[in-house]
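Trainee: I would like to go through this structure with you, one question at a time. Please show it first.

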Amino acid sequence: LSCPVLFHCIPRTLSACLRFTMLKLKVPAQNYEWGQVGADNPHVAVLGAANADATIDAKKTYAELWMGTHPSGPAVAALPEGSAGTLSSWLAERPKVLGEKLLARFEQASAGNLPFLFKVLSIRKALSIQAHPDKKLAEKLHAEKPDVYKDDNHKPEMTIALTKFRALCQFMPRQEIRQMLREIEEFKLIMGLQEYETFYEDAFFEDKIYNEHFKTVFQSVLKVSPAQLKEVLTQLTNRIGKIPEGERTERQALVLELNEQYPGDVGILTAMFLNLVSLEPGEGIVLAANEPHAYLAGECVECMATSDNVIRAGLTPKFKDVPTLIDNLTYNNVKPTILRPEAVGAMRTYNPGPDFDEFEVRDIRVPAGATHDGDPIEGGTIMLIFEGEATCVVGSTEDLELIPDESEKGMYANTSFEMKKGEVYFVGANVGYSMENTGSGELRVFLATCNSLVYSR
């Protein structure tokens, strides 16, 4: 392929017939400390190296691959003759390629900002106990602490497991909180005997009484003194360490696991109040604003509103904003709902529901020698070639966007091109295509776009 920027041509004069279809992107890998090491060939390392035409550093950690327009990790447009610029700046000059309905719904889109951020994560050790702010809180935090909260947007998110995946997600149901306190009796050293025993009274489960006590208890754990935290964790880990490994509960084993990763961290105790979730590949969870969570281990794809705002309170050496977390959590005690896709033909669609306009993910799997016809999507899309290789032929486009510069018109006439693992593309709105698997194994492609409900309203 001679040019990574592709337009579709229909039989008219050249200056009038070229329409934008796809733009090839270079995307950054983030090497956070909790990522998996290159020697283990995690997805972030393999995909990131393929995208950058680089080699994997066996000793480096590979945590996240970012695909979007957020300034903390912007995708770069691979433009003709070796030139480059961010996807955001490119879109700002030609916003119509994002589609009318996407532009109408998301104000920031006209400035070149996608409403969604798509990622691949490879997790070796636990991420922080955290929550993400709602829109109003994000605006406040960004205004007050722009060095910590880098943007003013909310960050609901959806996670889809690529491997077996473990996470902590939302506060456990009330009866399970009670059972956990029986199991980890060291909490009485922080709560005090009277408060601890309150959790065993039947009246405690009345909404008013429970709501008064639970927030106070969780706050007392987060604000425990260093001396008392050390005492509690020493007693707890010593007691669990004496239990034969095969006889420990999941939560007891988690205490030792987290203490090995983050010795003496208060997040070890706060983690005990959250649901422990195990996902099989293909299963997902959706997290609304102000819900506590922490990813523990495994690999996943993740799609969210475009933001990097994280309110942390444990399992991290980074800044912990405990007062903000305490004041803004929902304190809902629920089992998280496991998200499963709607499958039609080769495509599995993960829709987060009507409360989350910014994102939706489609997982396309095409057997060797087969072809997948991609119906046009009414809004701009990020495409990741996750596995395999393909020949992609642009089938149809609507009258979206003329070439902005007449001098470029000779470079964009290609409608058929080759794709391979690790490549990432921005696909314009209303672009149809046919993708033939030309490899020997399965072709797997992820598409990230805004919620399809936006297009049906």
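Trainee: Is the crossing of H10 and H11 left-handed or right-handed?

Mentor: This is a predicted model, in which local features need pLDDT of at least 70, side-chain atom pairs count only at pLDDT 80 or more, and totals for chains, interfaces and linings use all residues. Residues are numbered from 1 along each chain as its sequence is written, and side-chain values use heavy atoms, with hydrogens and water left out. A crossing is left-handed if the near helix is turned anticlockwise from the far one by less than a right angle, and right-handed if clockwise. By that rule the crossing of H10 and H11 is left-handed.

Trainee: Are H10 and H11 parallel, antiparallel, perpendicular or oblique to each other?

Mentor: Helix H10 covers residues 226–241 and helix H11 residues 250–261, and they pack at an angle of about 120 degrees with axes 10 Å apart. Helices (H or I, at least four residues) and strands (E, at least two) are DSSP runs, numbered from the N terminus. Angles under 35 degrees count as roughly parallel, over 145 as roughly antiparallel, 65 to 115 as roughly perpendicular and the rest as oblique. H10 and H11 are therefore oblique.

Trainee: Which residues of H11 make the contact with H10?

Mentor: Contact means heavy atoms within 4.5 Å. H10 contributes Leu236, Thr237, Arg239, Ile240 and Gly241. From H11 come Gln252, Val255, Leu256 and Asn259.

Trainee: Which residues does Ile243 touch, not counting residues up to four places away in sequence?

Mentor: Ile243 sits in the loop between H10 and H11. Its C-alpha lies 9.9 Å from that of Ala253, 10 residues away in sequence. With residues up to four places away not counted, Ile243 touches Arg248 and Gln252.

Trainee: How many residues are in the largest nonpolar core?

Mentor: A nonpolar core is a set of buried Ala, Val, Leu, Ile, Met, Phe, Trp, Tyr and Cys residues joined through side-chain atoms within 4.5 Å. Buried means under 20% relative accessible area, exposed over 50%, partly exposed in between (1.4 Å probe, protein chains only). Phe118, Ile382 and Met383 touch the most other members of the largest core, whose residues number 62.

Trainee: Does Gln170 count as buried or exposed?

Mentor: Gln170 is in strand S12, residues 165–171. Although not a glycine, Gln170 has a positive phi of about 65 degrees. Because its relative accessibility is 11%, Gln170 counts as buried.

Trainee: What separates the C-alpha atoms of Glu283 and Ile338?

Mentor: Glu283 is in the loop between strand S13 (274–279) and strand S14 (284–287), and at 15% relative accessibility Glu283 counts as buried. Beyond its neighbours within four places in sequence, Glu283 is in contact with residues including Thr159, Ser278 and Ile338. Glu283 and Ile338 are 55 residues apart along the chain, and their C-alpha atoms are separated by 6.6 Å.

Key. Axes are lines fitted to C-alpha atoms, for helices over the stretch in contact, and angles run from 0 to 180 degrees between N-to-C directions.
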